[in-house]
Amino acid sequence: MSYVSIAEELPQEFRLPFLKFVEAFEKDLRDKLAVRREDFDGLTAAVRDLAEAQKRTEQQIQELVESQKRTEAEIRRLAEKQSDMSIRLDEVVGDNLARRYRDNPFAYFGPLLRRVRVIPLQEIESELESRLSEAEIDDLRFLDLLVRGQLRRQPDAPPVWLAVEVSAVVDRNDVARAKRRAMLLRKVGYTTVPAAAGKEVTQGGEDTAQDEHVLVVQDGRRSFWEEALARALSEATPA
């Protein structure tokens with residue numbers, strides 16, 4: 001029911017006051033609920049500014065993410081470059097060490113053998129070809145150093161050969177290569193002791209050398225010689 005219908009049911013003297021009261025009440029209510037135009041415009045502008053600020057923030061975050069990606073990529077490139085430099089440095093140090101061992105084998109192996117001499121593989125090429133496959137000979141070609149001499153404590157024993165792998169830092173891979181190549185030379189008929197030589201030795205390299213009976217030479221210090229020699233003598237194959 002509308003307020004006009006209500007007014008028509010009132011006595012005549014109450015109709016006009018009632019209508020004025022209702023009109024005043026509605027006006028007051030509209031004033032209280034109304035949003036001024038300038039307030040609405042201000043609110044709209046604030047919402048727009050907030051949206052723009054959020055957009056700028058998202059853009060800055062995206063730029064930071066892209067910058068971080070570029071930084072991480074640069075760090076990876078630098079790490080790879082450093083790793084390559086470290087590898088090359090190790091190779092240079094290893095080459096220099098191998099040259100020192102070749103130039104002065106008596107200093108490193110003289111305490112173990114008499115009449116120590118470096119033997120080029122070319123000198124025994126025919127023997128290798130008669131007993132080994134081409135793949136095995138290819139493997140031996142990468143041996144860093146081949147040394148021959150007479151045992152100091154057993155001068156009447158057959159010559160002993162040393163298959164030496166030289167590296168700046170001797171690890172289990174160097175030990176494994178020395179063992180594998182010494183086995184090939186034993187197959188040909190040489191009493192061969194595997195040896196790994198370097199400035200430093202990793203724990204894994206040392207443990208493997210001890211387990212596999214491989215001589216380790218580190219700055220003049222020799223380890224596992226007796227064990228390596230005993231194994232070589234016991235596994236010697238007649239030529």
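E235 is partly exposed, because its relative accessible area of 30% falls between the limits of 20% and 50%. The model described here is a predicted one. E235 forms a salt bridge with R231, and the closest N and O atoms of the two residues are 3.7 Å apart. This separation of 3.7 Å meets the requirement that the nitrogen lie within 4 Å of the carboxyl oxygen. R231, with a relative accessibility of 26%, likewise counts as partly exposed.

A further salt bridge joins the side chains of R141 and E134, with 3.4 Å from N to O. R141 has a relative accessible area of 45% and is partly exposed. E134 is also partly exposed, its relative accessible area being 49%. In the whole structure, the search finds 14 salt bridges.

Which residue forms a salt bridge with D174? The partner is R177, and the closest N and O atoms of this pair lie 2.3 Å apart. Both residues belong to helix 7, which covers residues 172-188. D174 and R177 are 3 residues apart, or about one turn of the helix.

Is D174 buried or exposed? D174 has a relative accessibility of 5% and therefore counts as buried, the limit for that class being under 20%. R177, in contrast, is partly exposed, with a relative accessible area of 27%.

## An aromatic cluster

The count of aromatic pairs comes to 3. One of them is formed by Y101 and Y108, whose ring centres are 3.9 Å apart and whose planes make an angle of 20 degrees. This pair is stacked, because the angle of 20 degrees is under the limit of 30 degrees. Y101 and Y108 are both buried.

Y101 also pairs with F109: the ring centres are 5.9 Å apart and the planes stand at 45 degrees, so the pair is tilted. The relative accessibility of Y101 is 1%, and this residue therefore counts as buried. F109 is buried as well, with a relative accessible area of 0%. Together, Y101, Y108 and F109 form one aromatic cluster.

## Strand 7 and its partners

Strand 7 is joined to strand 5 (residues 192-198) by 4 bridges, and the two strands run parallel. In this pairing, A197 has V217 of strand 7 as its bridge partner. Strand 7 is also joined to strand 8, here by 3 bridges, and these two strands run antiparallel. Q218 has R221 of strand 8 as its bridge partner. Strand 7 and strand 8 form a hairpin with 2 residues between the strands, and in this hairpin D219 takes a positive phi near 50 degrees.

In a regular strand, side chains alternate between the two faces of the sheet. Which residues of strand 7 point one way, and which the other way? L215 and V217 point one way, whereas V216 and Q218 point the other way. All four of these residues are buried.

Rolling a probe the size of a water molecule over the atoms shows where empty space is left. How many cavities of 30 Å³ or more are found in the whole structure? The search finds 1. The largest cavity has a volume of about 30 Å³.

The lining of the largest cavity consists of V201, E206, V216, Q218, R221, S223 and F224. Strand 7 (215-218) and strand 8 (221-223) each supply at least two residues of this lining. By class, the lining holds 3 nonpolar, 2 polar and 2 charged residues. The bridge partners Q218 and R221 are both among the lining residues.

## The largest pocket

The largest pocket has a volume of about 150 Å³. The residues that line this pocket are P111, L112, L151, R152, R153, Q154, W225, E226 and L229. Which helix gives the most to the lining of the largest pocket? Helix 9 (residues 225-234) does, with 3 residues. The lining of the largest pocket divides into 5 nonpolar, 1 polar and 3 charged residues.

Key. Residues are numbered from 1 along each chain as its sequence is written. This is a predicted model: local features need pLDDT of at least 70, side-chain atom pairs count only at pLDDT 80 or more; totals for chains, interfaces and linings use all residues. Side-chain values use heavy atoms; hydrogens and water are left out. Buried means under 20% relative accessible area, exposed over 50%, partly exposed in between (1.4 Å probe, protein chains only). On a 1 Å grid over the protein atoms alone, a cavity is a set of points where a 1.4 Å probe fits but cannot get out, and a pocket is an open set with protein on both sides within 12 Å along at least five of seven lines; lining residues have an atom within 4 Å of a point. Grid points are joined across faces, edges and corners, and a volume is the space filled by probe spheres set on the points. Ala, Val, Leu, Ile, Met, Phe, Trp, Tyr, Cys and Pro count as nonpolar, Asp, Glu, Lys and Arg as charged, and the others, Gly among them, as polar. Rings of Phe, Tyr and Trp (its six-membered ring) pair if their centres lie within 6.5 Å; planes under 30 degrees apart count as stacked, over 60 as edge-to-face and the rest as tilted. Two strands pair if DSSP finds at least two bridges between them.
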